[in-house]
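Let's walk through this structure together, beginning with a sheet and ending at the ligand. Please have the sequence and the 3D view ready.

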Amino acid sequence: MADDLDDVTDDETSESSEALIAVHWREEGYYPPPASFTAQANASDPAIREQFTEDEFPDSFTAYADLLTWFKPWDTVLDTSNAPFWKWFVGGELNASYNCVDRHLATHPNKAALIWVPEPESEAHQAITYRELYIRVNEFAAVLKDLGLKAGDRITFHMPMVPELPVAMLAAARLGIIHSQVFAGFSGTAAGHRIADSGSTVLVTTDSYYRSGDLLDHKVKADEAVEAAAKEGQQVDKVLVFRRYPGKYSAATPMVEGRDVFVDDLLAAHKGEIVEPVPLQATDPLFLMYTSGTTGRPKGCQHSVGGYLSYVAGTSKYYQDIHPDDTYWCMADIGWITGHSYIVYGPLALGTTSVLYEGTPNYPDAARPWRIAKQLGVNIFHTSPTAIRMLRKVGPDEPAKYDYHFKHMTTVGEPIEPEVWRWYYQSIGKSEAVIVDTWWQTETGGFLGSTLPGIDPMKPGSCGPAALGILPTILDENGDEVPAGSGKAGNIVIRNPWPGVFQTIWGQPDRFVSTYYAKYNKDPKSTDWRDWPYFAGDGAVQAADGYFRILGRVDDVINVAGHRLGTKELESAALTVTEVAEAAAVPVVDDIRGRMVEMYVSLKPGYDASPEVEAKVKNAIETDIGKIARPKNIWIVPDMPKTRSGKIMRRVIAATSNFTDTGDITTLANPEVVEKIRHQVQSAKLAKGEVPRELSETELNEIKSFGSE
Ligand code: 6R9
């Protein structure tokens, strides 16, 4: 059935224009959701959209808030008086920990809340019931309370995918302590910057964890983090160290006397202790999640207790289609927003069973996810295009060998190629599962664009229409609407606030306004939400059917395997190397990770290019940011292509790395350097076997405009 849907049904034409990127792409065919899925779906009647129209806004979103238990109801649904710092459910009081844990004890105390799958297959899975989760969250909350932490304080976690992480998050949330979880794959230094930015005095970490078969020493990063934070004037008083094997220390790095403590030792003193959940204002912060932007300093996106939790509960219900008996597995990492919203807060607020996997998807082989799915009876599966591409490359025939059945699958984090989408649908989904391609961001808390899985047909490569209650549109540089079906791309904006949107950038309110709201605001004094479109920073095109296709970032952020890396952050890391005079980071198209980073550096006078300098640059990036940012190549070039005002023309080197046309170089101060670099880079790439493939239209557009203002 699926195959005959692959036919080209229409060819969107477009005309080129100076202001707009023209997008030529094949219009894909539709895949209807299976009738059996629709019959059981939480949203199966298209009339649900009528409850979320612009006319119903903002009261429509009380349907999401009503999924939660409130200690005190709100007085005002949406307060816009301090635009664009929106306040949702003002006057309402609740607690996220209570909503994700306590309230389920009455109905299903012995149901698994979390099932943890350790990476080594020889180790037993750990099912943690809601009752057990309640006990563990309370005991850890008692530990935090004992340290003097209280509502409004910040705490940093640098934790891998172990159950102690959601326990710690829910314990902090219980007390109103604002948590900031840093992805474990980030370096100690990166964690240190985030500790300093958030003003945390306590770091929670673990001694070790498994990744691709190795038990990594993770405690060493805590030492680096504390040191990096101290350099920025932030002292960390306590480092709480969970042990991968309680009672046994599995890291080579020594504990620091007086500062570092084993959590299992502390917990012993709080056995069975109960800490009542603190009633918090809906508008109080729940957590910070750092993300990259165009300046070097990461942005601590602040999410609220009431608005955020309502939004992730609502979208988990209607878009993840979670029912009480489902076994739900989101293979993302809790260190990213996807894990916060759709491993921990959304699924647990709905009282579901959420699977947590410690390791890499292809360890020890490419069938691991399918064994886990079969063993646990997973029926909702959530992952990223990068993981799908990788599993397709290393084990295309593996899914068919395992008897598991998904009813629902998600892709998130980057655009998915229609061909990869079809493999996901046919091979992983066995042509029996619906797919939602959910477009959203760290800043947005939850989904903004997606099909409603029981109602809307799927279209490979498009996220679909707006999520319920979300009013997106595409604007050109002048703020004029780009009509659907015009075949032209522009900037996707959301015209209205929604409960999941972040409240501010921690400590940088002006940057919050200038980055996300200033672009299309005409009256900075206005308190009417209609005057404050949210600028997402993504290019998009809307087809005649209303479906959005997201093309990628319009700023100079590089999306590696679904994770945003700021060019400025990468470049400042390279500039810490003594020999380096200038650095520029550009994206290179990669068949597995979507994009990878390539670094161009030029050296100070008196220094010569050498493998040692290259290694130093690579190390600097790994140390400052983490292995995820490791460049595919580092090119030491004689000079960078620059404009007459001295600005590095990143699009020219991006074109060089991707073997595409460098475009107009007549405005360069040093056009002769372009050919030199091209020869150097491309002959080295060909010698390494990095043979270029033809880029798609969207890839070409991104490279062509990379780094342009
Ligand atoms: C959730 C998450 C956000 C950026 C976003 C966009 C890209 C996310 C996408 C997608 C195409 C999708 N992105 N989902 N692009 N289709 N379904 O990924 O948050 O890490 O903040 O990244 O990722 O460019 O702006 P975050």
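Strands here are DSSP runs of E with at least two residues, and helices are runs of H or I with at least four, both numbered from the N terminus. Two strands pair if DSSP finds at least two bridges between them. What you see is a predicted model, in which local features need pLDDT of at least 70, side-chain atom pairs count only at pLDDT 80 or more, and totals for chains, interfaces and linings use all residues. Residues are numbered from 1 along each chain as its sequence is written, and side-chain values use heavy atoms, with hydrogens and water left out.

Start with I474, whose bridge partner in strand 24 is I492. Strand 23 and strand 24 (residues 489–494) are joined by four bridges in the antiparallel sense. They belong to an open, antiparallel sheet of four strands in the order 23-24-26-27. Strand 23 (472–475) and strand 27 each have a single partner strand, so one side of each is left without a neighbour in the sheet.

Now turn to the ligand.

Look next at individual atoms: a polar side-chain atom of R553 sits 2.9 Å from a ligand oxygen atom, while a polar backbone atom of G413 is 3.1 Å from a ligand nitrogen atom.

Terms used. A polar contact is a pair of N or O atoms within 3.5 Å; within protein, one must be able to donate a hydrogen and the other to accept it, and residues adjacent in sequence count only if both atoms are side-chain atoms.
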